[in-house]
Every structure is written in structure tokens, then in C-alpha cells.
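Subject: Structure for your review

Hello,

Below is the structure I said I would pass on. My notes follow it.

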Amino acid sequence: MSGPSTYEPKTAIERWLDARLPIIRFGVDLMEFPTPKNLNYWWTFGGILAFCLGVQIVSGIVLAMHYDASGAGAFNSIQHIMRDVNYGWLVRYIHTTGASMFFVAVYIHIFRGVYYGSYKAPRELLWLIGAAIYLLMMATAFFGYVLPWGNMSFWGAKVITNIVGAVPVIGPPITTWLVGGFTVDSPTLNRFFSLHYLFPFIIAAFVALHVWALHVPGNSNPTGVDVKSKSDTVPFHPYYTVKDGFAIALFMIVFAIFVFYLPNALLDTDNNIPANPIQTPPHIVPEWYLLPYYAILRAIPDKLMGVIFLALAIGNIFALPWLDTSRVRSMRYRPQAKIYFLFLIIACLVLGYCGAHEPDEKIIPHLTTFTLIDYDVNSSCWLSRVAAVYYFLWFWLITPFLGLRETPLPAPESISTPVLSHPAAAPAGASAAPEKKG
Amino acid sequence: MAESVAGEHVEPDPSRRDFIHIAAIAAAAGGVAAIAWPFIDQMNPASDTLALSSIEYDVSKVALGQQVTVLYRKQPLFVRHRTPAEIQKAVADDHADMKDPATDESRVKPGKAEWLILIGVCTHLGCTPTFGGGDWGGWFCPCHGSQYDTSGRIRKGPAPKNLAVPDYTFETDTKIKVG
């Protein structure tokens with residue numbers, strides 16, 4: 001992919017193959033890829049995500065063998081999978097749990113990238129491809145959620161397709177085009193199944209681009225300091241195949257706990273009711289991994305503005321490499337940024353909490369304060385507004401200005417420096433002096 | 001240029017080559033556009049879906065103060081038999097501050113004010129509002145908290161428009177034809 005190849009074909013067959021299709025060379029180079037030697041466990045989530053994608057594709061292909069993508073048959077075919085198909089329950093629970101595990105891993109992977117500044121030059125495109133994968137994942141998860149054709153599936157599909165309808169003039173015809181009728185119905189289910197089967201392979205293609213883009217500059221690392229010499233790196237195999245493998249094994253334990261002991265913990269009971277086009281579930285919520293966006297949508301009392309801010313919330317992630325002005329990659333050396341980052345995580349969690357609760361639900365029980373605009377100040381709606389304001393401020397104000405104003409701590413001269421010597425005993429002048437920006 | 005490739009075939013008139021390029025690209029683009037349209041349009045509603053156009057309903061089946069939800073074009077249609085008090089409340093609010101101002105009279109058929117026929121789809125994101133809920137006693141949308149009055153007009157919440165009144169006529173005194 002990049003850098004000189006160290007592979008030397010040893011046998012006649014390998015030489016013959018290498019001259020025609022250097023696939024062994026490709027694999028060897030991938031395994032010997034020089035990787036920073038200080039990667040911590042937060043860096044194992046890339047491998048974990050590859051594992052998740054594999055699990056979803058394999059379990060999904062199996063489910064598609066037994067699933068009936070029609071308005072009349074879909075709901076019953078899920079029951080058929082759960083009750084009659086040999087190990088159907090296991091494969092389905094792996095697939096439904098796998099979706100949540102996939103998002104747990106991707107959120108950790110994204111926040112790791114934010115904390116360690118992995119999106120900064122020269123890795124902006126790597127970040128953009130990753131953000132595109134995240135967007136594709138959300139679309140795939142949404143299509144998949146509709147397939148059981150339960151009542152929450154149905155109304156979730158209706159609300160999401162109507163979000164597109166908020167765009168003036170072209171919105172409503174696009175919604176009609178997306179759902180293929182006056183409203184969500186059997187044609188919608190059929191096309192969502194087709195797209196749900198297609199998208200994982202598009203994700204896989206983007207993952208290939210993501211890995212390719214990773215292998216040009218190489219991995220970032222917890223210090224954020226560039227690799228300076230060969231002594232800063234170790235070959236990917238066996239060092240990180242083993243570390244990633246160990247992390248995947250731990251991840252699989254958590255995965256298995258959910259599959260075998262809590263398979264319904266993250267599923268909605270309303271989805272055990274067949275789709276009913278005249279009865280909206282009393283409490284409609286998306287899956288947990290979309291709740292923060294849902295809270296932002298609900299926090300804004302105007303349809304079009306709500307949808308615009310929903311789009312901006314996701315768009316911010318794409319724009320991050322250009323919003324951040326700090327030249328110090330890792331927040332390890334940015335004490336102020338660390339605090340704002342902590343609050344960003346809290347804001348996202350609070351938004352998730354608010355998304356799961358009714359807008360008028362009280363945060364402090366039995367306390368009525370006063371109504372501001374539409375809801376009592378002590379309400380899930382107002383809490384989500386506070387969190388949403390912080391979320392946007394972090395992207396639009398804190399991140400651009402903090403990089404210009406803060407005084408970062410001295411970063412080590414090289415990756416090896418903090419590894420070989422105690423930070424306190426670092427030799428004088430070891431600092432790369434990032435605080436003296438030009 | 002011609003000297004350096006002496007003895008070789010001399011480039012023909014460049015405008016002729018340009019023409020071939022433009023013609024080839026135009027033909028390819030036209031072909032792609034022509035074949036793309038069927039592949040895009042196939043996702044629009046099919047003929048049998050569009051054929052579900054009109055329904056008839058006998059409104060006398062709805063008791064005073066009640067509402068019946070029927071399926072119209074695969075969407076809920078509210079048929080509400082309003083009480084005089086509900087009508088009075090709706091008329092009294094005709095000039096109240098509203099997002100989508102409309103008089104109660106404009107939302108019913110003349111002389112049939114007790115029958116309110118509405119598409120039961122919240123104008124925010126398409127949920128079905130629940131009957132009788134909200135501060136105005138009309139409908140309350142469980143999804144994002146929009147509230148409609150007894151005329152189906154939006155009074156509070158994120159929905160931008162009133163509940164839609166479908167195209168319908170009274171065929172007899174009690175039978176309506178929708179669509």
C-alpha cells in the first residue's frame with residue numbers, strides 16, 4: 001500500500017504468482033505494516049468494527065434465507081425464524097445484538113479519534129471516509145429496523161421518511177418516491193430489504209478505502225507525535241494482531257452476554273405488535289444509537305429547522321478536521337480541550353437520555369417551575385436544548401477558538417521518549433514546543 | 001510538433017477530433033440519462049398503489065362526540081362527530097393566534113359542521129395523533145407533542161400545518177365519498 005515492500009518470494013510458485021498477481025506481497029505488506037508501538041486499547045476498536053461488520057454480514061445472509069420481505073409475510077416470518085428455523089433465534093439475536101454492538105464500537109472509535117485528534121492532517125480524508133461509513137451504518141440500521149414490520153418498525157419508517165418531506169417543494173415528492181406509495185407500505189418494505197442487503201457491501205468497500213487511506217500516513221497514536229524512526233514502530237503482526245485479537249475476545253464476551261441473557265434488552269416491546277397503519281405507538285422512540293439526534297430534532301419547535309439542525313449535527317462530524325485549529329493532535333497535551341471533551345460526551349449522553357423520554361417529562365420529579373415558550377423549564381425538552389446548544393457550541397465555537405487561545409503542555413519529542421523515560425525525568429529540551437506556535 | 005514526428009502520420013484537423021469527442025460524450029451521457037430515468041422512476045408509486053383512490057363512508061355510524069378512523073389510501077382518515085360545545089370552541093378560536101390560520105367554517109362542508117373529516121396524519125412527521133388529547137381537546141400527537149384543536153388546527157408543537165382536509169363530498173345526507 002505504501003512504503004517499500006520487504007517481501008521476497010522464495011519459491012518458484014511464489015515468484016510466478018508475484019509477477020502476475022502480487023497477492024501474497026499485498027498480504028505480507030499488510031501484516032508487516034509499521035505501526036506505532038504505543039497504541040493503547042482504544043485503538044483496538046478498528047479491528048473490533050471489522051469483526052462486527054463480518055458478524056452482521058454472515059448472520060444477515062442467513063436471516064435473508066428465511067425472511068419474507070412482504071407486508072403480509074414479514075412479521076410472521078420473524079416469528080418463524082424465532083420459533084421454527086433451527087437456531088434461527090440464535091442467528092437473529094446475534095444480528096439484532098450485533099447492530100447495537102456495532103454502534104457501541106463505532107461511537108468509541110469516533111470519540112477516540114476526537115480525543116487523540118486522529119482527524120488532523122494528513123488524516124482528514126481518512127476521517128471523512130470514516131464519517132461516510134458511520135452515515136451508511138445509520139442508513140443500514142434504519143432499513144434493517146423496518147424489516148420485522150412491527151408497529152415500531154412501521155412508524156419509525158414513517159417518521160424518518162417524513163423527515164425528508166420537510167424540505168420545501170422537493171421534499172414531499174421525494175418522500176413519495178422513497179416509500180413508493182401514499183405512505184409507508186409493502187413496497188417500502190421490499191425496497192428497504194433490497195437496500196439493507198446492499199448497503200453492508202458498500203460499507204465494506206468504504207472500509208477498504210478507509211484502511212487504504214490509513215496505510216498512507218500510517219496510524220496516529222496516543223501522543224499524536226508523528227513516527228520519526230523505525231524504533232517508534234513495530235510490525236502490525238504479531239504485535240497488533242494479538243492485541244486486537246485479545247480485545248475482540250473481550251468484546252465477544254460482552255456480545256455473548258447480550259445474545260444469551262439480555263437479547264431483548266435493546267429491542268422495543270411495541271415491535272412485537274404487527275405494523276398497524278392507523279395506530280401510532282404511544283411512545284415512539286428510535287433505537288438507542290439514534291436517540292441523541294432524535295432529541296435534537298425534538299428540541300427545536302419548528303419542523304424545517306429541526307430537520308436542518310439534525311443534518312447539521314451529523315454534518316459537524318464531517319467538518320471537524322476543518323473546525324479544529326489546534327496543531328496539537330492529542331488532547332493528552334491539551335488540558336482545557338480535555339475538559340470540554342468530557343462535557344461533549346456528557347452532552348451526547350444527556351441528549352440520548354432526553355431522546356428516550358417524552359419532551360414534557362420532568363427531570364427532577366414533582367417539581368414544577370415555570371413554562372418557558374412551550375415547556376416547563378424542568379423538562380426533558382429543556383434539558384435537551386441545553387445539551388444541544390453545548391453540542392453545537394463545541395463544534396462551532398469551542399473547537400475553532402480553543403486551538404488559537406490555549407497553551408498546550410509540551411508533547412514528547414518522539415513516540416519512544418515517553419516510553420523509554422519517565423515523563424518527569426524527560427531530558428531538558430525534550431519538548432517539541434507545540435505551545436510556541438508560529 | 002510536426003517536425004519532431006517527421007515521417008509519421010500528421011494529426012488531422014483538431015476540430016474534427018473535438019467533434020468526435022463531444023459527440024461520443026453527448027451520446028454516452030444521453031444514453032445514461034435515458035436508462036437512469038426508468039431505474040429512478042420504478043421507485044415511484046406503482047399503478048395498483050395509485051388505484052386505491054377513493055372510498056365511501058356512512059358517517060351516521062359515528063356517535064356524537066366520537067371519532068372513527070378508517071383507512072384511506074393506506075393512511076388513517078378521521079371521521080369525527082363533533083358536539084355543539086366542540087364546534088363552538090373551534091369557532092370561538094377562529095381569530096386566535098395560530099401557525100396556520102383557518103376558520104372552522106373553511107374546514108367543514110356547509111351545514112355539516114358536526115362532521116369533521118381529516119387525514120389523520122400529523123403534519124410534522126406523519127404519526128397518527130390521538131383523539132381528544134392535548135390542551136385544546138382535539139388531538140395530541142404522541143411522537144413530538146403537537147397539539148390540534150377541535151377543528152384539527154395546529155395550536156402547539158413542531159407541526160407546521162393543520163391536519164389536512166381531504167377532497168370529499170356528501171353523496172347523500174350521511175354518506176361521504178373521499179378522494
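Two strands count as paired here if DSSP finds at least two bridges between them. Helices (H or I, at least four residues) and strands (E, at least two) are DSSP runs, numbered from the N terminus. This is a predicted model, in which local features need pLDDT of at least 70, side-chain atom pairs count only at pLDDT 80 or more, and totals for chains, interfaces and linings use all residues. Residues are numbered from 1 along each chain as its sequence is written, while chains are lettered from A and ligands numbered from 1 in the order in which they are written.

Confidence

The model has an ipTM of 0.76 and a pTM of 0.88.

Strands of chain B

An open sheet of four strands has the order S5-S6-S7-S8 in chain B, with antiparallel pairing. Its edges are strand S5 (130-131) and strand S8 (154-156), each of which has a single partner strand, so one side of each is left without a neighbour in the sheet. Inside this sheet, strand S6 (residues 139-140) and strand S7 (residues 147-148) of chain B run antiparallel and are joined by two bridges. B:Phe140 has B:Gln147 in S7(B) as its bridge partner.

A second open sheet in chain B has three strands in the order S2-S3-S4, again with antiparallel pairing. Strand S2 (67-72) and strand S4 (115-119) of chain B are the edge strands, pairing on one side only. On average, neighbouring strands of this sheet are turned by 20 degrees against each other, direction ignored; axes are lines fitted to C-alpha atoms, for helices over the stretch in contact, and angles run from 0 to 180 degrees between N-to-C directions. Five bridges hold the antiparallel pair of strand S3 (residues 75-81) of chain B and S4(B). B:Leu77 is bridged to B:Ile119 in S4(B).

Strand S10 (residues 175-178) of chain B pairs with strand S1 (residues 55-58) of chain B in the antiparallel sense over four bridges. S10(B) is also joined to strand S9 (residues 168-170) of chain B, by three bridges and again antiparallel. B:Ile176 in S10(B) stands opposite B:Tyr57 and opposite B:Phe170. S9(B) and S10(B) form a hairpin, with four residues between them.

Helices of chain A

Helix H10 (residues 236-261) of chain A has 26 residues, which at 1.5 Å a residue should span 38 Å; the end C-alpha atoms are 35 Å apart, which agrees. The expected span is 1.5 Å times one less than the number of residues. Buried residues in H10(A) are A:Tyr240, A:Asp244, A:Ala247, A:Phe251, A:Phe255 and A:Val259. A residue is buried if 20 or more other C-beta atoms lie within 10 Å of its own, exposed if 12 or fewer, and partly exposed in between, with C-beta atoms placed from the backbone. An α-helix has 3.6 residues a turn, so residues three or four places apart point the same way. The buried residues of H10(A) pack against strand S1 (34-36), helix H3 (45-64) and helix H5 (88-115) of chain A, where contact means C-beta atoms, placed from the backbone, within 7 Å.

Helix H6 (residues 124-146) and helix H7 (residues 151-164) of chain A pack at an angle of about 140 degrees, with axes 8 Å apart. H6(A) and H7(A) are therefore oblique to each other (under 35 degrees is roughly parallel, over 145 roughly antiparallel, 65 to 115 roughly perpendicular and the rest oblique). A:Phe142, A:Tyr145 and A:Val146 in H6(A) meet A:Ser153, A:Gly156, A:Ala157 and A:Ile160 in H7(A).

A:Ala337 is in helix H13 (residues 335-355) of chain A and counts as buried, with 25 C-beta neighbours inside 10 Å. Leaving out residues up to four places away in sequence, A:Ala337 touches A:Ser326, A:Met331, A:Leu402 and A:Glu406.

Backbone points to check

- The peptide bond from A:Ala121 to A:Pro122 is cis, with omega near 5 degrees; A:Pro122 is in the loop between H5 and H6 of chain A.
- A:His237 and A:Pro238 are also joined by a cis peptide bond, with omega about 10 degrees; A:Pro238 is in helix H10 of chain A.
- A:Trp149, in the loop between H6 and H7 of chain A, has a positive phi near 55 degrees.

Regards

Conventions: Two residues are in contact if their C-beta atoms, placed from the backbone, lie within 7 Å.
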